[in-house]
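Student: I'd like a close look at one spot in this model and at what surrounds it. Could you take me through it in one go?

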Amino acid sequence: MTPTGTGQSISPRSAKRRRRAKGGVATAMAVAILAVIVGVALLAPVLAPYDPYEVDLSAALQPPGSAHLLGTDMQGRDLLSRIMYGTRLTLLTSLTALVSGSVVGALLGLAAVFFPSSDAVIGRLLDILLSFPAILFGLALGASLGPGLLPVTIALSIATVPEVGRIARAAGLTIARQEYMQSGRAIGLGKTTLFFKYLAWNCMPTIFVFLTLRFGFIILLGAGLNFLGLGAAPPAAELGVLAAEGRNVLAFAPHVATYPSLTIFLLVLSLNVLGDVLRDKLDKRLL
Amino acid sequence: MTLPLLAVDALAVTHHGADGSSVEIIGDVSFSIGAGETLGLVGESGSGKSLTALALMDLLGPNLAATGTILLRDRSLGSLRPRERRRLCGSELAMVFQDPMTALNPVYTVGDQIAEVLLTHRLASRRPARDRAVELLGQVGIPHPSQRVDAYPHQLSGGMRQRVVIAIALAGDPSVLIADEPTTALDVTIQAQILDLLRELSAQRGMGTMLISHDLGAIAEVATQVMVLYAGRVVEHAPVDRLFAEAQHPYTIGLLSSLPKLGGREQRLSTIAGRVPLPGTVRTGCRFADRCPWALTRCRLEAPALTEIASGHRVACLRAPLLAPPSPGMAA
Amino acid sequence: MNSRYPLLSVRDLEKTFPVGTFLRRRPVHAVNGVSFAIASGETLGLVGESGSGKSTIGRMILNLTAPTGGAITFAGADIARLAASGEIYRKVQIIFQDPHSSLHPRLTVRQLLAEPLRLHGGKTGRALESAVERLLDDVGLAPELASRYPHQFSGGQRQRIGIARALACEPELIVCDEPVSALDVSVQAQIINLLKDLQEKRGLSYLFIAHDLAVVRHISHRIAVLYLGEVVESAPSEELFSGARHPYSQALLAAIPRTGAAPGKPKARLRGEPPSPIARPAGCAFRARCSYATDLCGTPPPLRTIGAAHLVACHHVETIAPFAVDRTIGASPRLAALMRAFAAEEDGAST
């Protein structure tokens with residue numbers, strides 16, 4: 001059979017297949033990069049060739065070479081080891097912030113749906129949180145608690161709450177309109193079951209996809225706060241701090257700033273690619 | 001006899017999977033619609049009735065390809081370039097969709113949406129377009145059309161919105177109008193009004209209409225000829241009076257008997273056991289054989305051809321015409 | 001059960017929603033003084049177009065929506081009180097219209113049915129498992145399907161699962177909210193037969209809400225016609241179809257598309273559309289569309305008894321001729337015989 005009769009002869013098949021194949025390669029690469037980065041970060045104590053805090057001023061600012069794969073920094077510390085430990089710290093703070101912030105955000109957003117009388121109050125609260133730049137929070141917290149990883153984590157967590165809250169509320173409103181919510185109520189299920197098993201569970205895919213997309217942003221924001229010196233202070237190995245240290249020697253030892261930045265870049269990019277793929281898979285659930 | 005407005009011959013739609021497989025979803029659909037005629041296309045979900053309409057309108061999704069000949073008046077749609085074909089669809093060949101809520105753009109007034117069709121097809125310039133929109137709204141029975149022309153879709157009721165959708169379809173002065181379940185989303189009394197409107201428009205304008213519906217009642221009210229689709233094949237095609245009085249295909253008979261009757265009360269409704277086979281699962285024989293009380297061994301081996309058993313009455317059944325009840329002991 | 005009470009009794013039921021801006025908020029009646037009763041084992045059909053309040057009434061009976069006035073009693077006990085103790089859900093259940101959205105998509109059929117069984121029957125373990133199987137069998141589904149998810153079923157099968165879930169609570173009354181309007185014709189027939197069989201076996205009562213009069217007539221013993229939140233006519237279903245008296249009921253009956261009726265024949269049609277409850281006319285709500293309307297209709301017509309169980313709310317009921325649905329069926333004797341043969345054959349196959 002030849003698809004010519006009705007003018008549909010341009011075969012849409014090959015184009016679509018090509019597109020899918022291209023998407024497949026990008027996804028596979030993103031997964032691979034992410035797996036390597038996370039794996040290395042987890043196994044940093046085993047894999048790292050040097051102690052990330054061991055100062056050797058005689059070996060300062062060596063370019064990448066056989067002794068130090070990615071070279072050394074101003075104080076002769078092995079950059080590769082520092083990046084391994086730094087990624088670990090960065091992932092740890094971002095993930096802690098993301099999980100804590102999204103739990104609070106999702107509960108708030110879904111509560112606004114489930115208890116309509118609370119909608120106005122929660123809605124305003126989320127709006128207020130949304131109107132504060134996270135950087136400002138970090139600055140304020142840093143000023144009151146002193147610099148450290150805790151204020152950065154709290155700031156990142158708070159930055160996550162309103163966005164997740166709004167996504168959860170939107171997803172929840174869609175789910176609440178479904179007849180199975182009424183069906184559960186008609187069976188006589190308790191409020192807790194209805195909230196978690198019926199409402200929250202069905203909103204999870206939407207929230208999860210959003211979080212995947214958001215993770216990259218949180219990493220970037222955390223690295224930014226640390227870069228500005230609001231978070232982990234030197235000599236702590238954290239990707240943002242490492243990039244900040246390299247800034248001073250950018251002119252004659254560009255590798256010190258480049259490699260940490262590149263790690264952040266790859267991490268965020270692959271997370272975003274992955275998030276996009278997940279969203280496409282579930283996009284009928286998204287508004 | 002004059003040339004039919006729309007003539008379709010051996011229309012088929014095939015799905016090409018990403019893995020190189022291809023499955024024919026509808027096949028061998030042929031019919032013609034003359035001026036003032038309404039073809040009713042009946043079938044349950046999965047019968048391919050909406051796909052037939054989409055294939056005519058060139059609106060098939062990716063992975064779907066249509067074959068066959070479509071003649072609109074004297075032009076073969078298949079030989080047109082995509083751009084010409086697009087221009088034809090929406091003017092010469094227009095379509096009304098099921099859900100009037102989503103078929104209209106919520107941010108434009110109904111007048112703007114009618115005018116847009118007129119301007120796109122260069123049927124009027126901006127100022128006369130508005131007058132024409134008012135005129136069309138009046139033709140589809142919208143009261144106070146000169147005020148309603150500035151209304152937004154959400155300000156209108158469901159029935160009024162469906163009238164607007166019909167007015168938009170009429171803007172291009174189509175020779176054939178395809179209506180895909182136009183009354184399914186509407187209330188009973190409004191359904192009747194819309195069906196009346198479609199019948200009147202078809203008669204007044206000498207327009208051909210194709211009415212797609214799962215509702216045999218709606219088809220009976222409006223259609224002049226009826227085509228019954230089952231699993232992507234035409235199983236029966238007859239003038240409306242003849243179909244509802246002398247249906248011959250077992251599927252049509254089953255469908256008619258599963259309708260609750262208005263006269264006479266019966267204890268149980270008749271049903272058709274089993275399910276519609278998925279496309280590509282029936283390779284030999286008749287697609288209805290598994291659910292057919294009259295099926296013979298032959299029916300599972302040999303695909304029945306659509307044969308004319310009376311003037312204009314075509315049936316795809318090896319046992320047609322079914323003269324008598326099938327087996328003895330059927331006195332019930 | 002106390003036989004002095006009907007199973008369900010609804011009296012002067014009202015539901016108002018506030019509309020308008022903050023300063024000019026006023027109530028709108030979605031349901032306005034509706035009364036009816038359902039006896040044990042009886043089916044009451046509730047017919048009306050969108051905006052008639054029929055679904056709202058169904059939901060108020062399960063207390064999914066709280067009424068703003070009137071009383072609903074189940075076997076003599078107040079529904080609100082039964083709802084507070086959760087008892088209502090063991091007596092009244094609901095089947096929803098949309099089989100695609102009325103089942104939790106991430107629970108298997110087994111989990112869907114186990115929820116009410118555990119909650120109301122206190123069943124666990126082996127007893128729970130066999131109860132699930134029995135329910136599936138009751139609604140005509142194979143027990144092997146229990147581990148599947150709703151999206152793996154067709155619309156008709158999903159509606160069966162919805163019915164099984166309602167049955168799991170062992171209710172005495174089931175509110176059927178347009179249970180077949182989303183289904184194909186041949187599947188509709190299967191579901192209606194199932195509902196009738198269950199009624200026979202379990203002595204269930206139904207409140208059957210629908211807009212399709214042919215379906216309602218087939219399953220209901222009595223039918224109440226709603227217009228803008230008010231009952232305009234209520235009668236035994238045979239009587240409604242052979243002698244409808246309210247102009248709106250007559251128009252509804254006349255609007256049913258018929259197979260076998262001569263096409264192209266002009267018919268009396270109801271003009272206009274139902275006004276929205278927000279702009280409800282004073283007096284008889286139907287008078288703007290009614291060809292019999294006079295000045296008298298400016299006052300609300302009371303619901304009057306005109307026959308044994310036949311109530312009509314119309315000032316002019318005496319002057320309006322009863323309307324009977326034209327019973328002629330176009331099928332030739334030969335087609336009628338074929339249809340009977342088809343039905344007999346299918347029946348033989350299913351039993």
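Student: Does T16(C) count as buried or exposed?

Tutor: Buried: T16(C) has 19% relative accessibility, where buried means under 20% relative accessible area, exposed over 50% and partly exposed in between, with a 1.4 Å probe and protein chains only. Keep in mind that this is a predicted model, in which local features need pLDDT of at least 70 and side-chain atom pairs pLDDT 80 or more, while totals for chains, interfaces and linings use all residues. Residues are numbered from 1 along each chain as its sequence is written, chains are lettered from A and ligands numbered from 1 in the order written, and side-chain values use heavy atoms, without hydrogens or water.

T16(C) belongs to strand β1 of chain C; strands (E, at least two residues) and helices (H or I, at least four) are DSSP runs numbered from the N terminus. Setting aside neighbours within four places in sequence, T16(C) is in contact with P27(C), V28(C), H29(C) and T68(C), contact being heavy atoms within 4.5 Å.

Now widen the view to the sheet. β1 is one of four strands of chain C in an open, antiparallel sheet, ordered β2-β1-β4-β5; strands pair if DSSP finds at least two bridges between them. The edges are taken by β2 (26-38) and β5 (77-78) of chain C, each with a single partner strand, so one side of each has no neighbour in the sheet. At the β5(C) end, the antiparallel pairing with β4(C), residues 69-74, runs over two bridges, and F74(C) has A77(C) of β5(C) as its bridge partner.

Helix α1 of chain C, residues 54-61, lies across β1 (8-19), β2 and β4 of chain C, at about 115° to β1(C). Axes here are lines fitted to C-alpha atoms, for helices over the stretch in contact, and angles run from 0 to 180 degrees between N-to-C directions.

Elsewhere in chain C, the axes of helices α4 (109-121) and α6 (155-167) come within 8 Å and cross at roughly 25°. That makes α4(C) roughly parallel to α6(C); angles under 35 degrees count as roughly parallel, over 145 as roughly antiparallel, 65 to 115 as roughly perpendicular and the rest as oblique. On the α4(C) side the contact is made by V109(C), L112(C), L113(C), E115(C) and P116(C), and on the α6(C) side by I161(C), A164(C) and R165(C).
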